[in-house]
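The sequence and structure are shown first.

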Amino acid sequence: RTGLFTSPHLQDFRERIRVDGEMIPKQKVVNFVDKHHGKMVELELSFFEMTAALAFDYFAQSDVEVAVIETGLGGRLDATNIIVPLVSVITNVGLDHTALLGDTLPKIAAEKAGIIKKSIPVVIGESDPRYNEVIEQTAAANKSKVIYAEQEFSCEPCPCGTDRQHFCMHRTRDNRNFEVDLDLGGNYQRRNMVTAAATVDFLHEETPLTISRRAYLEGMRCAAANTALMGRWQTLAESPLTVCDTGHNAHGIAYVAEQLRQTPHRRLFCVMGFVRDKDLAHILPLLPREGQTTLPGGVVRLQHPAEKALRILLHGGGRDHHSRRQFLRTEQDRHAAARQQTVLRIGKLGPHRYAAGAGVDPVIDRGQHPVAPFTINLNLRQPRLLQSVDIGVLAGFAEKRGFVEGERGPHRIQLHN
């Protein structure tokens with residue numbers, strides 16, 4: 001029996017905890033909370049800590065023989081780090097959760113390397129000279145073998161005309177080639193295939209587990225079906241082509257954006273949503289410039305206080321000296337724009353400086369004429385929802401994508417509420 005613990009969930013909390021592909025029963029969740037509620041409150045456990053405890057308890061009850069445990073955040077201080085695994089896996093290191101894990105790749109790598117246990121090998125999915133040494137130092141201190149997946153296997157896509165992805169893989173140690181089907185979408189799965197192959201190969205060769213080639217191929221062919229993973233370049237509709245992907249940091253969005261560019265299309269619309277700790281200053285410029293991007297109502301405004309949003313998007317984390325007056329000439333302009341639900345003229349006044357107004361004439365601030373004005377198309381039902389942060393976020397977004405300096409002329413950005 002196999003247990004799987006992942007996060008986050010998309011629709012049902014129970015997606016996080018599975019045995020043999022089946023979600024934990026609702027009654028099991030209720031029973032666990034009833035039994036341990038008092039202790040969890042006493043210990044002031046976080047949501048993730050409680051969920052991890054629930055997963056481990058359910059796996060024990062279910063007599064699972066193998067469990068795949070995904071860390072929640074980082075690794076060193078993660079609730080899952082109480083286990084002693086057969087093998088540790090670090091898939092990649094990217095700039096994410098920087099407020100908690102550190103603001104550089106080496107710092108984040110050090111936190112992720114915290115899952116390395118004494119004498120337990122670690123597989124590195126994507127190596128990088130910027131952080132390899134950090135991981136190797138932690139591994140050496142624990143007398144743990146480091147396995148670089150990219151040195152053990154290579155993988156290339158092979159078109160096959162089916163609804164699955166088809167890959168040609170090569171194993172370095174015996175120069176063997178074989179073909180693998182995968183029912184998960186996304187070009188980036190090629191990297192995941194290499195990581196998974198190196199991990200399974202190690203488990204088969206150097207642990208009591210026996211994973212036959214047939215079992216490996218069947219597992220890959222039915223990975224999505226067996227795990228119920230969703231949102232991996234998942235096609236929701238064919239006409240028009242509608243794709244959903246859960247990439248949520250610059251490292252992941254870079255792969256998604258590249259595949260967007262490779263996907264034939266006449267018009268491209270991107271609907272994006274982010275939570276508070278995401279580095280939008282590095283994420284938004286990655287999107288294809290020809291696309292029209294919609295920020296669903298209030299995503300940035302609700303998750304980011306105005307000052308913080310402006311600082312992140314317009315200054316890259318630096319100081320913010322902007323006032324609301326610099327974005328909207330008058331209170332009347334703000335209300336007029338919301339009533340009309342159409343025109344807001346945005347003009348660039350200087351580096352990271354914008355002005356906006358509801359009239360048809362370009363805004364003039366302190367006698368300066370803004371350069372290359374562009375239009376933001378608003379669909380706001382209440383005037384109070386039109387805040388300076390919305391203007392700042394969208395203006396900064398447009399500038400980073402090259403629409404302010406006149407490279408592509410006037411550009412429309414939609415903000416829906």
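## The S11-S12 hairpin

Strands S11 and S12 (residues 241-244) run antiparallel and are paired over 4 bridges. Thr 235 has Val 243 of S12 as its bridge partner. The hairpin that joins S11 to S12 passes through 2 residues. Two strands are taken as paired if DSSP finds at least two bridges between them; strands (E, at least two residues) and helices (H or I, at least four) are DSSP runs, numbered from the N terminus.

This is a predicted model, in which local features need pLDDT of at least 70 and side-chain atom pairs count only at pLDDT 80 or more, while totals for chains, interfaces and linings use all residues. Residues are numbered from 1 along each chain as its sequence is written, and side-chain values use heavy atoms, with hydrogens and water left out.

## The S9-S10 hairpin

S9 pairs with strand S10 (residues 176-182) in the antiparallel sense, over 7 bridges. Cys 168 has Glu 179 in S10 as its bridge partner. S9 and S10 form a hairpin with 4 residues between them. In the turn, Asn 175 has a positive phi of about 55 degrees.

## The four-stranded sheet

An open sheet is formed by 4 strands in the order S3-S2-S1-S4, with mixed pairing. Its edge strands, each pairing on one side only, are S3 (22-23) and S4 (66-69). S2 (residues 17-19) and S3 run antiparallel and are joined by 2 bridges. Met 23 in S3 is the bridge partner of Arg 18.

Helix H2 (residues 47-61) packs on this sheet and touches S1 (2-5), S2 and S4. The direction of H2 makes about 10 degrees with that of S2. Contact means heavy atoms within 4.5 Å. Axes are lines fitted to C-alpha atoms, for helices over the stretch in contact, and angles run from 0 to 180 degrees between N-to-C directions.

## The second largest pocket

Which residues lie nearest the centre of the second largest pocket? They are Pro 157, Gln 165, Gly 186, Asn 187 and Gln 259, out of 25 lining residues. Strands S9 (165-171) and S11 (234-238) and helices H7 (189-206) and H10 (250-262) each give two or more residues to the lining. H10 gives the most, with 4 residues.

The pocket holds about 570 Å³ of space. A pocket is an open set of points on a 1 Å grid over the protein atoms alone, where a 1.4 Å probe fits, with protein on both sides within 12 Å along at least five of seven lines; lining residues have an atom within 4 Å of a point. Grid points are joined across faces, edges and corners, and the volume is the space filled by probe spheres set on the points.
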